[in-house]
Amino acid sequence: MSAGPPAQTDRDDASGDRSSGNESTATPVRYEEVSKRYPGADHDAVHRLSLEVPAGEICVLVGPSGCGKTTAMRMVNRTVEMTSGEIFIGDRSVRQGDAAELRREIGYVIQQIGLFPHRTIAENIGTVPSLLGWKQAEIEQRVEKLLELIGLDPEFGDRYPSQLSGGQQQRVGVARALAVDPPVMLMDEPFGAIDPINRSRLQNEFLRLQAELGKTVLFVTHDVDEAIKMGDRIAVLRKGGEVAQFATPTELLMEPADDFVEDFVGADRALKRLALMRVKDASLWKAPICLAGDPTGPVRSDLAGAEVPHALLVDSGRRPLGWLSERDLAAPQVPSRPDTPADPLIDADSILRDGLATLLQSGSQYAPVVDGNGRLGGVLSVEIVADFLSSGEAAESELAAVDRPHE
Amino acid sequence: MSDPLAGPGWLLGAAAPSDFFRDRSDGGCIQENKLFCPDWAIDNIDRYTDPTLQHLVLVFSAVAAGFLIAFGLAVLAHRHRALSSPFLAATGVLYTIPSIAFFFLLLPITGRGALTAIIALTAFTLQIIFRNITTGLRNVPPEVTEAARGVGLTPKQILWRVEIPLAMPEIIAGLRVATVSTVALATLAVFANGGGLGAEIVSGSNITFKTGIIIAGSIAILMAITFDALLLLTGRLLAPWKRVEA
Amino acid sequence: MIPTPVAALGLFGEAFQFVFQGQEAATGGVTVGGTGQVLDLAGKQLEVTLLALAVSIVLALPVGVFLGHHGKGEFVAVSAGNAGRAIPELALIALMAAAVGVGLFNLVVALAILGIPPILTNAFVGIRQVDRVSVEAARGMGMTDGEIIRKVELPLAVPTIMGGVRTSAINIIATATIAPLAGILTLGDFIISRNVYGDAGVLAGAILVALMALALELTLAGVQWKLTSPGLRIRRAE
């Protein structure tokens, strides 16, 4: 790898720090022969479903509409009551005890978000703590921490949902579900109503959060791409709530269990592998960099033989400011405002597929890759992606990369 | 009926018609003032013809005038959004003032009579109708008006050919509420000397005559139901694509 | 006797004088009107109105909320509102007085019959119209039925429910004006007993009743504003 080392934030350290103190330990969720038949129906919506979601993993339930995935998920918090079978959270059957009490211990995020329009953001997030009778001061403290966790300014606490954008509302929905630090979270198409660009951003954010929190998550979606991106494990369901395949994303893409799964996953399985790798883990290229005011001579000589045939202007914090044109280089000194802006910038944490999409949409050949602080980590080009797909490295690095996003 | 001040018989100073208690061999039902005396009702049903017609005139005039005015206001408010709030407030005041008080606020201006009653009842209906028309117009999907503009209709044509027809269910719903309420309220017109079925409840010599109250009240209720059904039917004819809801 | 500026106002001037000074009864002898009697009758009208409104709320609100929460009885709840409008106020008061008897209790019952339907219908509709997503989220987070009603449905239904209460209050205070027919003397006595109070008394009564109804409506609008979450007002503004 000749590119500069991508600024890799060490996620393991971060998760170690925060989860040690006050995050609860995750708990496995186990379905045993669970069936659901709705009144008046002549088929089971879910038929003898058995599934084990290991503690701390994201398990995606995916399938065509009517496959019973939402029903299967909702039986965990008994917003749908199962007809037969058992679901265990840890060793405890969800059927024991009061449904309302059970639900307070399970985080719940739905597609339409369902923030209460008459309550402030802080009150929304504090809903379950207040149901559980926490003291006001404790609730306030918790709300503040959660707002920070989802990256919203504390002043948002006093606003009302109607004053927030869709993406912000969805973040609050996640914070509300995390309020009492439940070991298990249910997410029902949580990003389904968000536009594609924000959707990808929210997905990345949630994966980042999950890396810290390590919840056991049941995640329902109809979108295979989202399943591959989000899931540690994916359960592909077919009509009647039967599991067609329960596997890691890599296994699902490499070895679909049958025609149904192959069909559902789609003909572009190879391309979907791009979802298994983060941009920062790809072999990024290196561009000559310079600061404003540098003499142009050395920059021109750097360009000879560089992977990227354009020089990138950065600031003192290595944040990209723009590409230098021939005209810029003709001057004796590097100008502070180059002809070509640095856009688009690609988030190092995003998956390769999204990075490629950004690149293609912008119509540019190269795009700087930056970390969470905006620091340059390398340059992404279409050739990098093509090499990745054709080199056979795809298959190998997939296997290596698959679990990495969620560690 | 000894002391005129003892009972509300003095109400309008009207003398009892001499044939009011026509003696029938009805087992003394009338004398005992039982809840309902069918024989008397059958014998005297024709005395309700005029009050019923007067009542119809009151209701029809008030709702028709109310509709015309409210419609004009609503179209204006639709064109100039800023007018919506003041119109709503003004019609709200008229709606809030009890009709019976309204009758007599008009006393120095229009005196007593059916006109006074009609003005007060009209004032009452304005807000109900105005509110429904504006809601109906506002609920027309923007893509529909956009499409109408796209095919070259003028704003006036859009209003009459697209927006008003689509708002018809709400307009009819407003008319139903206004009409039914006005039928009930118009019984009070008697206090303004406006006639109507109320005259058969409080005029005459005795407000405690139960059979009379029941007959007059029942006619009013029947009239309300009939108007309601007729409007419902009209709504279905004018907006066949949608069931008119209450 | 009448000061000139007041006389210039004609009947309005006389009505003004009737309220503040009183005048001799048209039937002779006693003085009628004046602040004493006005306050007496106004107090009675307010008392009767608030009593009947309270009874209507206590009886109709829980039923409407219960039916709305469970999504049952839509026909009953909506028909009640339609039927309530068709009841001729005058016939109701007269029949109640004639068939059941005069007195405060019977009057309040009659007024509550007029007050209940709008509250019942609007409570039902208001609760029913609450966004199902909010309710689903509340249930999914572990709220009991009671908590869902108290913390989610009622606060969100405030504008609709208060709309019903306001309609109801207007019906009741208007009908309380003819309460003298049922033996309870309210401000309506000035209007109905023209032979005693004269045209000045009638006009004074009409003005007082109108002002009182407007004051009640404004008060209830204020109550509604106070009870409505700012979060809903912001949404409306947009």
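Residues are numbered from 1 along each chain as its sequence is written, while chains are lettered from A and ligands numbered from 1 in the order in which they are written. Because the model is predicted, local features need pLDDT of at least 70 and side-chain atom pairs count only at pLDDT 80 or more, whereas totals for chains, interfaces and linings use all residues.

**Confidence**

Where pLDDT is low, the predicted coordinates should not be read in detail. For the complex, the predictor gives an ipTM of 0.89 and a pTM of 0.79.

**A helix pair in chain C**

Next select residues 89-100 and 104-128 of chain C, which are helices α5 and α6; helices here are DSSP runs of H or I with at least four residues, strands are runs of E with at least two, and both are numbered from the N terminus. Their axes come within 10 Å and cross at roughly 150°, the axes being lines fitted to C-alpha atoms, for helices over the stretch in contact, with angles from 0 to 180 degrees between N-to-C directions. α5(C) and α6(C) are therefore roughly antiparallel to each other, a term for angles over 145 degrees.

Show the side chains of Glu89(C), Leu92(C), Ile93(C), Met96(C) and Val100(C) in α5(C), which meet Asn106(C), Ala110(C), Ile113(C) and Leu114(C) in α6(C); contact requires C-beta atoms, placed from the backbone, to lie within 7 Å.

**Where chain C touches chain B**

Now bring chain B into view, where 39 residues are in contact with 36 residues of chain C. On the chain C side, α10(C) gives the most, with 12 residues.

**A sheet in chain A**

Finally, move to chain A, where six strands form an open sheet of mixed pairing in the order β6-β7-β8-β3-β9-β10; two strands pair if DSSP finds at least two bridges between them. Strands β6 (106-110) and β10 (242-247) of chain A stand at the edges with a single partner strand each, so one side of each is left without a neighbour in the sheet. The twist averages 15° from one strand to the next. Within this sheet, select β3 (residues 58-62) and β8 (residues 216-221) of chain A, which pair in the parallel sense over five bridges, and find Cys59(A), which stands opposite Leu218(A) in β8(A).

Notes. Angles under 35 degrees count as roughly parallel, over 145 as roughly antiparallel, 65 to 115 as roughly perpendicular and the rest as oblique. Two residues are in contact if their C-beta atoms, placed from the backbone, lie within 7 Å.
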